[in-house]
Amino acid sequence: MHLLLVGVSHRTAPVELRERVDFQARGLQGALRALAERGSAHEAVVVSTCNRAELYVACEDTEPTRQDLVRFLSDYNDLPPSDVAPHVYDVADLDAARHLFRVAAGLDSLVVGEPQILGQVKEAHTVATEVRTAGPVLNRLFHASFAVGKRVRTETGLGSGAVSVSYAAVALARKIFGDLSGRNVVVIGAGEMGKLTAIHMKSQDVRHITIVSRTMAHAARTAEAIGGASAAPWTDLDAVLAASDIIITATGAANPILTKAHIEAVMRPRRNRPLFIIDIAMPRDVEAAAGEIEEVFLYNIDDLQATVRENLARRASEVSRAEHIVNEEVDKFGAWFRSRGAIPTVVALRERFEAIRRAELERLDFKLSTLPPEARARVDEITHLIIEKLLLTPTEQLKSLTDAETVSTYTEALTRLFALYEDERRKVEPFSRDRKGGGRQPR
Amino acid sequence: MNAVPLALYAAALVAYVWHFAQRNVVVGRTATTLLVAATLAHTFVIGMLTMRAGQVPIAGATPAISTFVWLLALSYLYTEMTTDERAMGVFILPLLVALQTIPALRPSIDDRAAVLQGPLFGVHVSSLLFAYASFALACVIGITYVLLFKEIKAKHLGFFYARLPSLQVLDRMNQRAIVIGWVFLTIGLLVGAIWAAQMQVGYGAADPRVQKMSLQDPKIFVAVVCWFIYSFELFAARRIGWGGRRAAYLSAVGFAIVLLNFVPISYFFTSSHNF
């Protein structure tokens, strides 16, 4: 049994092609059934996101399956094969496992460390379980990949730190106020930027959002568009500011609308409760000196972008630790995967022993026929137990082998010693770690 | 005998520092396990001393420090387990190791002066030790608050930003520790005053140390100063908006004085508390 991965991703294919190689659009279940009908693979899971479409299968022969899967990528999506084939990569066995582990860890993502991919991989596996295209090999592989994703998230900083400006703002607010559910937010300016940020804050379950604008009608319209927000006239600005914990300014004003003196006046009735000001306007709405006031945290768009850059740099520095975890898990999975190479021999050995037992019982049938039925049942039981006992240790030994060469030596010896496969003339094909699918490899 | 817990505390310190730097889950669990082991060993040591002497070893500066370390370790473990925050350990453990070194190096004296018998004395010392443990926690939480505050204010979101809980949580933890500490400090001082008043006219009238128990003694004076500092902190946080960073600074100042009272004053200056 081999593992094989065939797919396209943001690393090999332009967005125009990725859009068209899409298994989500018509449902993963349909894609999995269509793949199963082709019969080239025993097990299959399809991972399809906007950045990748990957087919993970377990199969007997890699080369014909690989060709069939490449065809499937174009057939299923009604694309000419010549458009798809140059962008397809394929990897086999432990390299396929490593690839999936890296994907689940977020190492292969466009934004390294993004958290959604692990959920998408889990979803892909769930669907495959539902339509029963995932079997023992892929189940084990995918569960291992979830473990990798979880370990990388908890043991490294790969996914830490916001990597977009709006998330950076929310992350900061959380670091200052903890839970945002009891906090009041005021948005100054009724433009598109202010509205988007307000919607983002609303998704954090803040207590209340107030929109203030020079034109009351604009404020009211924006408040309505957000839903659950209220509008306040410009004259009420000071009162609203005093009652707020987070101020977002996004007006088109040419000069600062909030000066240091203004904020100082607001801080007095607040009794030094912290105030978080996010100035996303360009030019800036808040005087930079306001940030000098104790308990005032002033961030403008450049500051937020700088933290995003720092976070990206920090994620990059965590990559090697994440790769280390991936390697560890590949080794673990590899040990299990290689031990599967001995399974056909184990089965054949058992069949051989059982056949001998049955043959002997049949041969002695005329002698045993004189015995009462209970005694005959006892004979059957005892012979069965003897075989079980004899096979127990060799079976355990074979299953614990993790080295491909040893597996091959053992199976060879057993095949000869016990004349396994004599009737079927089938050759044992132990797993070899050197076997790989041809074709392109992803970076 | 106090050396075994000391070694375990030191091992836990190494693990906490390592965890703080690397944020490895396994190392973090190891750190907590080591600290639990240290505290258990310490419990055993205190239990043994109690059995040998027939009373809890809290009389005299050296056994009191050991008991204080034990209480602080317990309080910290409680905080860690209820908040699921390990970052503070890196600040608490150095204090535990430093203080535990004193009882580990000085052999403890078991015989307790005859005047130091009775329930009031026990309540006095144990309340104060517990209060000081709470103030130590408040101080450490305050320090981390200031470190995180400075990072956010300076717009350089780095080391502490990634490792500490939010300012709000730190502030609340600090306030809670101060309230608990203040309650026990008040009880400890009141009970101490009552005990001293009883002793000065009664059983301890002949003991010169008992006669010196007044506000003029540095140890008592500094303890009362601490009470005023922490009372002010509680009042200020609630009435004049001295929460957050100012409360954090006050916690640090308060505990610095507590520590001063606890070690140098106990050993070198007091004339009433040198049992």
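Of the 443 residues of chain A, 40% count as buried, a residue being buried if 20 or more other C-beta atoms, placed from the backbone, lie within 10 Å of its own, exposed if 12 or fewer, and partly exposed in between. This is a predicted model, in which local features need pLDDT of at least 70, side-chain atom pairs count only at pLDDT 80 or more, and totals for chains, interfaces and linings use all residues. Residues are numbered from 1 along each chain as its sequence is written, while chains are lettered from A and ligands numbered from 1 in the order in which they are written.

Four strands of chain A form an open sheet in the order E2-E3-E1-E4, with antiparallel pairing; strands pair if DSSP finds at least two bridges between them. E2 and strand E4 (89-92) of chain A stand at the edges with a single partner strand each, so one side of each is left without a neighbour in the sheet. On average, neighbouring strands of this sheet are turned by 15 degrees against each other, direction ignored.

Strand E3 (residues 52-59) of chain A has eight of its eight residues buried. Arg52(A), Glu54(A), Tyr56(A) and Ala58(A) are buried on one side, and Ala53(A), Leu55(A), Val57(A) and Cys59(A) on the other. Eight bridges join E3(A) to the antiparallel strand E1 (residues 2-9) of chain A; Leu5(A) stands opposite Tyr56(A), and Leu3(A) has Ala58(A) as its bridge partner. Strand E2 (residues 43-49) of chain A is joined to E3(A) by seven bridges, also antiparallel, with Glu43(A) opposite Ala58(A). Two residues lie between E2(A) and E3(A), which form a hairpin.

Helix H7 (residues 136-155) of chain A lies across E1, E2 and E3 of chain A, at about 40 degrees to E2(A); such angles run from 0 to 180 degrees between N-to-C directions, with axes fitted to C-alpha atoms, for helices over the stretch in contact.

Methods
Contact = placed C-beta atoms within 7 Å.
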